[in-house]
Amino acid sequence: MKKLIAQIEKGKPFFEKLSRSIYLRAIRDGFISAIPVILFSSLFLLIAYVPNVFGFKWSKDMEMILMKAYNYTMGLVAFLVAGTTAKSLTDSYNRKLESTNQINFISTMLVSMCGFLFLASDPAKDGGFLSAFMGTKGLLTTFLSAFITVIIYYFCVKKNITIKMPKEVPPNISQVFKDIIPFSIVILVLYAFDLIIHSTVKTNVAEEVLKVFEPLFTAADGWIGVTIIFGAFAFFWFVGIHGPSIIEPAIADITYANVETNLKLLHTGEHADKVITSGTQMFIATMGGTGATLVVPFMFMWMTKSKRNKAIGRASVVPTFFGVNEPILFGAPLVLNPVFFIPFVLTPIVNVWIFKFFVDALGMNSFSINLPWTTPGPLGIIMGTQFVLLSFVLAIVLIIVDIIIYYPFLKVYDSEILDEEEGRVEVDNDLKDKVAANFDTKKADAIITNASESTASETHSSTVETSTNTATNDLITEQINVLVLCAGGGTSGLLANALNKVAKEYDVSVKAAAGGYGSHVDIMKEYQLIILAPQVASNYEDIKQDTDKLGIKLVKT
């Protein structure tokens, strides 16, 4: 197994490079920016249709009022993501340009959204702007519009293809004229593309793009497709690469489109059978975090004999319950640990197989509502499928199956750690060193040490605290703002809260905030230190270009 993992790790540089692709990141960050819209609209779905399960139905007029909030938020999500994706890609391209010659992200957002309307609407059929492709069905076209827009803008700005104004003209007026040429080129290119498609296949670009990718979507929803997709999430994470950075952008369109398709199927009285959804990813395959680790901290607490493992379980159980499983991933560790390779990759796949069996064979309706990823897994399954009876059974089955899969491997690992604790074998630091080379484990080590060793005397503790407090105050003499970044704001929130707590305890001028990578560009200038969580540590070289320009300290964990 160690040899197998060693071979896998040899491909790590390639996958890290892939995860740093500015196009994949633009898609992912574009979706992250639109999450408030998606979650807001889902609230109205819950209010409108969950009462149906308990025998209560709103009147038609009230249902229309509730669904208006959904239709004019989620129903326009592709149009909105055209702008946010272009903004993210613009930020990446600006790193390649001189700070005095940057692409105007407001302009790229606007032209990308306008270009999307050319590609996705069809005035001859439905009046244009209120096309069905304004929602999730048009997401693929969104990316096409955003990428073309920013690439053309980059070429024009780099080659200085612009209308130059006299120096006396105010910058805001000069910027307008600077944007006219690239703006016009983008619109003309996209409009020409639209006319060509209309004249050849008699439909709009969005519909044609959907037809091209439909076979892939169908294949992805099959047994082999779900195995590859959700196995890859865990596989990449195991070797130290943030899997969602690679996989999520590739399936983002289908996951959100399938949720909407399932909802429409339910409303027409049909079976909501689309398996690949955002809910499947968050609450089935990654129930409790990547590796489907919801049950693991509980097993560490209750099924192990090692003091160290019990301490890890206690430290990890609460955050993992809400989908933040880094403490157990790095504290045990599960990642890069040959003992856990099989269950870590296999459990998510088995979970999705079971879910697909419930949907295909037992007739259970799939996910039709988007929920926050921090929703506890079992609750997310039940709420996301609108409280269908089989969802309760599914949640229980998954918990039992996950325990069965992890149990034999946990016993082997616990036996190894117990032997080390009781001195029967020498401590093997190879794994610990390997994990430390990929992730910052200091915090996990401190938690484990504090939980497994007896505390020092009250006097000694007080002395240490006083001296540490004095030393820290001598070190920090002015306000320091710290921004912690991770993939979605969960893990970074844990560290930010800990920093704020310690700063208050020791009376030092440190204020920490958390955020998702991609949303930091416009606010980072307000901070003196930026910390990258393990999931986004591979982006270090990219963001360092920004922090160096602003004189901000940057560290990765």
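**Notebook: a cavity, a helix, a strand**

I sorted the lining of the second largest cavity and got four nonpolar residues, three polar and one charged. (Ala, Val, Leu, Ile, Met, Phe, Trp, Tyr, Cys and Pro count as nonpolar, Asp, Glu, Lys and Arg as charged, the others, Gly among them, as polar.) The model is predicted, with local features needing pLDDT of at least 70 and side-chain atom pairs 80 or more, while totals for chains, interfaces and linings use all residues. Numbering runs from 1 along each chain, and side-chain values use heavy atoms, without hydrogens and water.

I listed that lining: Asn101, Cys156, Val157, Asn160, Ile161, Thr162, Lys178 and Pro182. (On a 1 Å grid over the protein atoms alone, a cavity is a set of points where a 1.4 Å probe fits but cannot get out; lining residues have an atom within 4 Å of a point.) Helices H8 (139-158) and H9 (171-201) each give at least two of the lining residues. (Helices are DSSP runs of H or I, at least four residues; strands are runs of E, at least two.)

Next I checked helix H11, residues 223-238. Its 16 residues should span 22 Å at 1.5 Å a residue, and the end C-alpha atoms are 22 Å apart, so the two agree. (The expected span is 1.5 Å times one less than the number of residues.) Gly240 follows H11 and has a positive phi, near 95 degrees.

Last, strand E1, residues 480-486. Five of its seven residues are buried, so E1 is largely enclosed by the rest of the structure. (Buried means under 20% relative accessible area, with a 1.4 Å probe and protein chains only.) I found seven bridges joining E1 to E2 (residues 510-516), running parallel. Cys486 stands opposite Gly516 in E2.

Technical notes:
Buried means under 20% relative accessible area, exposed over 50%, partly exposed in between (1.4 Å probe, protein chains only). Two strands pair if DSSP finds at least two bridges between them. On a 1 Å grid over the protein atoms alone, a cavity is a set of points where a 1.4 Å probe fits but cannot get out, and a pocket is an open set with protein on both sides within 12 Å along at least five of seven lines; lining residues have an atom within 4 Å of a point.
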